[in-house]
Amino acid sequence: MQIKNICCIGAGYVGGPTMAVIALKCPDIKVTVVDLNIERIAAWNGPLENLPVYEPGLAQVVEKTRGRNLFFSTEVDKAIDDAEMIFMAVNTPTKTEGEGAGMAADLRYVEACAKNIARVAKTDKIVIEKSTLPVRTAEKIKEILDRDGNGVHFEILSNPEFLAEGTAIQDLFKSDRVLIGGDETKTGKKAVQALVDIYLKWIPKEKIITTNVWSSELAKLASNAMLAQRISSINSLSALCEKTGADIEELSLAIGMDSRIGPKFLKASVGFGGSCFQKDILNLVYLSRYYGLDEVAEYWHQVIKINNYQKTRFSKKILEELHGELKENKIIILGWGFKANTNDSRESPSIFVASYLLQRGAILSIYDPLVKKERILSDLKKELKKVKLSNYQIIKLFNNLEILKNYKSSIHKSKAIVIMTEYNSFKNHDWKLISKSSKVIDGRNLLKNYNYSIGKPNA
Ligand SMILES: NC(=O)c1ccc[n+]([C@@H]2O[C@H](COP(=O)([O-])OP(=O)(O)OC[C@H]3O[C@@H](n4cnc5c(N)ncnc54)[C@H](O)[C@@H]3O)[C@@H](O)[C@H]2O)c1
């Protein structure tokens, strides 16, 4: 079966980049990315330097494909109707109300997509779960499609996305693996092959794994849990290093050289952020409890608890370094995105740290090269609302806050420079800009605190 027309529902951090790469690698396929968010679609159709998602290399891919075989649109029904293959790349945040609130994945956007597809589709469709979903969600989607559909045949595949923000385009060009879960039936196998054929345009055959749907759904949750677990493991050890005089970097090096362990994801930090790790682990915890596996649930829950502990520990460390004297001392926070090279700040540790300091009277300046001022302010507002501050209290705290366009001219006036994101420009300081009495508190290399003197670091 040769696919000529693809629709992707959800033009976010996954839908945008993945479809741009499919369009680039498969010029014979028309790819339409749709979203209900009118502003987002307008930005995808707008100037390349202002796309809603920042990823190195993304603008170049969009430049080559947009208007050729890649289209961004709000006409969801038309795109569904035209397509033979439909990706669902909508958000699946943690539920905030109802059964499983604070833990389970909120599937309302996925369910809305399924209902929309069922209502509109007049020909057979392959429906692909690109969103990260709890194991056995395909069953629920199938139920909706068959119940609300027009008698056409739907084949559901799971094809979770493993890209990492900040390196999404490279990850999509050279994926470690592509995972496709499908049914063992004749139509299931045919649908799997149709998707395999698309990836084969640029991914080597041996990197494309096909499994049953449940393994594929669960593999994505498990991969994120294992990645986050490594971060929490090394972060927990960073606390022990501080007490004992061991050096966390030396520890990471020594541990990572064991080929059974490997060196990646072993760097201590303020903690993991991003839209996925926390929500996916909470989802795993919820699923484990649902199936009566309380010990399994508790094991994974601890990964989140250590992450929260680390963010608090780091914030307290800043207070200690300034001897609690926050009101007289300006603090500059470098980095707002949850990692370098992304404009995504969802669950970024910077949000927690800045809110913690602001609530204790700190005078803060914040700088990030990619995250916009409005985004920083709305992240902080949301966080401060979580601790039940009123709008009036938030506005008052915001009087102590400045969002910088350029940090270099402010750095010498700051008592503490808190580095939150791994940008080389932050790493390679111009030492002359830092005053003798400034403290650099480096969250990327956690809790190693340097006192710099002009010209040469003394540590
Ligand atoms: N961000 C990542 O790095 C990453 C990586 C792998 C997997 N994932 C998973 O991919 C999924 C999407 O993540 P994201 O970061 O792209 O989310 P996102 O919030 O950036 O984008 C989701 C988009 O879907 C749109 N949408 C929601 N319901 C819709 C509907 N019914 N019709 C049309 N559009 C609708 C929203 O308006 C939004 O623009 C999630 O399940 C996430 O866990 C994300």
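Predicted model: local features only at pLDDT ≥ 70, side-chain atom pairs only at ≥ 80, totals over all residues.
Residues are numbered from 1 along each chain as its sequence is written, and side-chain values use heavy atoms, with hydrogens and water left out. Helices (H or I, at least four residues) and strands (E, at least two) are DSSP runs, numbered from the N terminus.

**Helix packing**

- Two packed helices are described by the angle between their axes and the distance between the axes.
- The axes of α11 and α12 (residues 294-321) come within 7 Å and cross at roughly 155°. Axes are lines fitted to C-alpha atoms, for helices over the stretch in contact, and angles run from 0 to 180 degrees between N-to-C directions.
- That angle makes α11 roughly antiparallel to α12. The cut-offs are under 35 degrees for roughly parallel, over 145 for roughly antiparallel, 65 to 115 for roughly perpendicular, and oblique for the rest.
- On the α11 side, the residues that meet α12 include Ile-281, Leu-282 and Val-285. Their partners in α12 include Val-296, Trp-300 and Ile-304. Contact means heavy atoms within 4.5 Å.
- Helix α14 (residues 373-386) and helix α15 (residues 391-398) have axes that come within 10 Å and cross at roughly 130°. That makes α14 oblique to α15.
- α14 passes α15 in a right-handed crossing. Leu-377, Leu-380, Lys-381, Leu-384 and Lys-385 of α14 make the contact with Asn-391, Ile-394, Leu-397 and Phe-398 of α15.

**A residue in α14**

- Ile-376 is placed in helix α14. Is Ile-376 buried or exposed? Ile-376 counts as buried, at 1% relative accessibility. Buried means under 20% relative accessible area, exposed over 50%, and partly exposed in between (1.4 Å probe, protein chains only).
- Leaving aside neighbours within four places in sequence, Ile-376 is in contact with Trp-336, Ile-366, Val-371 and Ile-403.
- Ile-376 and Asp-146 are 230 residues apart along the chain, and their C-alpha atoms are separated by 43 Å.

**Aromatic rings**

- How many aromatic pairs does the structure hold? There are 11 aromatic pairs. Rings of Phe, Tyr and Trp (its six-membered ring) pair if their centres lie within 6.5 Å; planes under 30 degrees apart count as stacked, over 60 as edge-to-face and the rest as tilted.
- Phe-272 and Phe-277 have ring centres 5.6 Å apart and planes at 75°, so they form an edge-to-face pair. Phe-272 and Phe-277 are both buried.
- Tyr-423 and Phe-426 have ring centres 5.4 Å apart and planes at 75°, so this pair is edge-to-face. Tyr-423 is buried, and so is Phe-426.
- Ring pairs also link Tyr-423 and Phe-426 with Tyr-367 and Tyr-407 into a cluster.

**Charges over rings**

- The charged end of Arg-177 sits over the ring of Phe-162, 3.6 Å from the ring centre. The test is that NZ of Lys or CZ of Arg is within 6 Å of the ring centre and within 35 degrees of the ring normal.
- Lys-30 has its charged end over the ring of Phe-71, 5.5 Å from the centre.

**Loops with positive phi**

- Phe-265 lies in the loop between α10 (248-256) and α11 (277-290). Its phi is near 60°, a positive value in a residue other than glycine. Phe-265 is partly exposed, with a relative accessible area of 37%.
- Asn-341 lies in the loop between β9 (330-334) and α13 (349-359). Its phi is near 65°, also positive in a non-glycine residue. Asn-341 counts as partly exposed, at 32% relative accessibility.

- Ala-83 sits in the loop between α4 (76-82) and β4 (85-88). Ala-83 is buried, at 2% relative accessibility.
- Ala-83 and Cys-7 are 76 residues apart in sequence and 5.6 Å apart in space, C-alpha to C-alpha. Beyond neighbours within four places in sequence, Ala-83 is in contact with Asn-5, Ile-6, Cys-7 and Lys-125.
- Asp-124 is in the loop between α5 (108-120) and β5 (125-129). Asp-124 counts as partly exposed, at 48% relative accessibility.
- Asp-124 and Glu-84 are 40 residues apart in sequence but 7.1 Å apart in space, C-alpha to C-alpha.

Conventions:
Left-handed = near helix turned anticlockwise from the far one by under 90°.
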